[in-house]
Amino acid sequence: MLSNNSQTYFVTGIGTDVGKTIVSAILVETLQADYWKPVQAGDLDHSDTHKVKALVQNTRSVFHPEQYRLSTPMSPHGAAAIDGVEIKVDEMHVPKTSNKLIIEGAGGLMVPLSSDALVVDLAKHLGAPVVLVSQNYLGSINHTLLSYEMLKAKGIPMAGIIFNGETNPSSEEYILSYTGLHCILRVQKEDIISSDIIKKYSQQVNLNGPN
């Protein structure tokens with residue numbers, strides 16, 4: 001659980017590959033925050049922690065080791081079973097730090113971590129406000145609103161939403177109107193993601209209210 005003086009955010013998405021890691025890097029750079037991904041499944045030599053670290057320019061951020069490092073790139077519950085381990089949400093605690101912290105989840109909210117726990121349960125357990133990452137594609141309104149409703153049903157606070165990729169004003173306006181969330185940032189589709197691109201977007205982040 002979080003200390004009262006911490007500024008910590010849990011980054012989740014409406015699905016896999018919607019830009020959570022890029023968004024996490026941007027928020028780490030904005031806040032000069034620490035970074036922690038509790039569960040990494042597969043790609044251990046080029047993990048999301050490695051990717052965020054390579055994209056961040058500030059020298060204050062600390063990149064904390066994953067609590068679970070699983071060898072197979074698949075749903076964490078399945079990857080854990082292959083490795084002969086069990087992911088226990090109630091034994092997961094944020095790293096000790098006096099700095100701000102960005103936590104990156106695995107996949108979407110309903111991704112299973114074990115036979116009785118989902119990513120949304122981890123978010124609830126850790127207690128940090130959620131930054132929801134959405135990406136415009138056919139069906140993304142449905143996926144975004146379902147994610148919002150799940151967070152709301154679980155009583156998890158939401159800091160706002162970040163749209164990643166090609167802009168679709170009608171979709172974004174509907175999502176913001178329905179949810180009442182404010183738009184923290186819009187990240188455009190970029191041909192190459194570099195530390196300079198991350199730095200540029202880090203200066204546009206608005207975590208404090210409607211923009």
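A nonpolar core is a set of buried Ala, Val, Leu, Ile, Met, Phe, Trp, Tyr and Cys residues joined through side-chain atoms within 4.5 Å. Buried here means under 20% relative accessible area. The model is a predicted one. Its largest nonpolar core has 38 residues.

**Nonpolar cores**

- Within the largest core, the residues that touch the most other members are L27, I102, V131, I162, I184 and L185.
- Helix α1, residues 20–31, supplies the largest share of this core, with 6 residues.
- Another core, of 26 residues, lies apart from it, and its members include V94, V119, A128 and I156.
- Beyond its neighbours within four places in sequence, V131 contacts Y9, F10, V11 and T12, among others.
- Also in contact with V131 are L27, A159, G160, I162 and I184.

**The loop glycine G15**

- G15 sits in the loop that runs between β1 (8–13) and α1.
- The relative accessibility of G15 is 17%, so G15 counts as buried, the limit being under 20%.
- When residues up to four places away in sequence are not counted, G15 touches K20, G107 and G108.
- G15 and E29 are 14 residues apart along the chain, and their C-alpha atoms are separated by 23 Å.

**Aromatic pairs**

- The model has 3 aromatic pairs.
- In the pair of Y35 and F63, the ring centres are 6.3 Å apart and the planes stand at 45°, so the pair is tilted.
- This pair links distant parts of the chain, with Y35 in strand β2 (residues 34–36) and F63 in strand β4 (residues 63–64), 28 residues apart.
- Both Y35 and F63 are buried.
- Y148 and Y178 make an edge-to-face pair, with 6.2 Å from centre to centre and 80° between the planes.
- Y148 belongs to helix α5 (residues 140–153) and Y178 to helix α6 (residues 169–179), so this pair too links distant parts of the chain, 30 residues apart.
- Y148 is buried at 9% relative accessibility, whereas Y178 is partly exposed at 40%.
- One aromatic cluster is formed by Y148, Y174 and Y178.

**Contact of α1 with α7**

- Two packed helices are described by the angle between their axes and the distance between the axes.
- The axes of α1 and helix α7 (residues 195–202) come within 8 Å and cross at roughly 65°.
- This crossing of α1 and α7 is right-handed.
- From α1, the contact is made by I22, A25, I26, E29 and T30.
- From α7, the contributors are I198, K199, Y201 and S202.
- By type, the residues of this contact are 5 nonpolar, 2 polar and 2 charged.

**Backbone angles**

- Most residues other than glycine have a negative phi.
- Q32 has a positive phi, near 50°, and is a residue other than glycine.
- Q32 is placed in the loop between α1 and β2.
- With a relative accessible area of 37%, Q32 is partly exposed.
- D43, another residue other than glycine, has a positive phi near 55°.
- The loop between β3 (39–41) and α2 (48–55) holds D43.
- D43 counts as partly exposed at 43% relative accessibility.

Methods
Residues numbered from 1 in each chain as written. Predicted model: local features only at pLDDT ≥ 70, side-chain atom pairs only at ≥ 80, totals over all residues. Heavy atoms only, no water. Buried < 20%, exposed > 50% of the residue type's maximum accessible area, 1.4 Å probe, protein only. Helix = DSSP H or I, 4+ residues; strand = E, 2+ residues; numbered from the N terminus. Contact = heavy atoms within 4.5 Å. Phe/Tyr/Trp six-rings, centres within 6.5 Å; stacked < 30°, edge-to-face > 60°. Axes fitted to C-alpha atoms, helices over the stretch in contact; angles between N-to-C directions. Left-handed = near helix turned anticlockwise from the far one by under 90°. Nonpolar A, V, L, I, M, F, W, Y, C, P; charged D, E, K, R; others polar.
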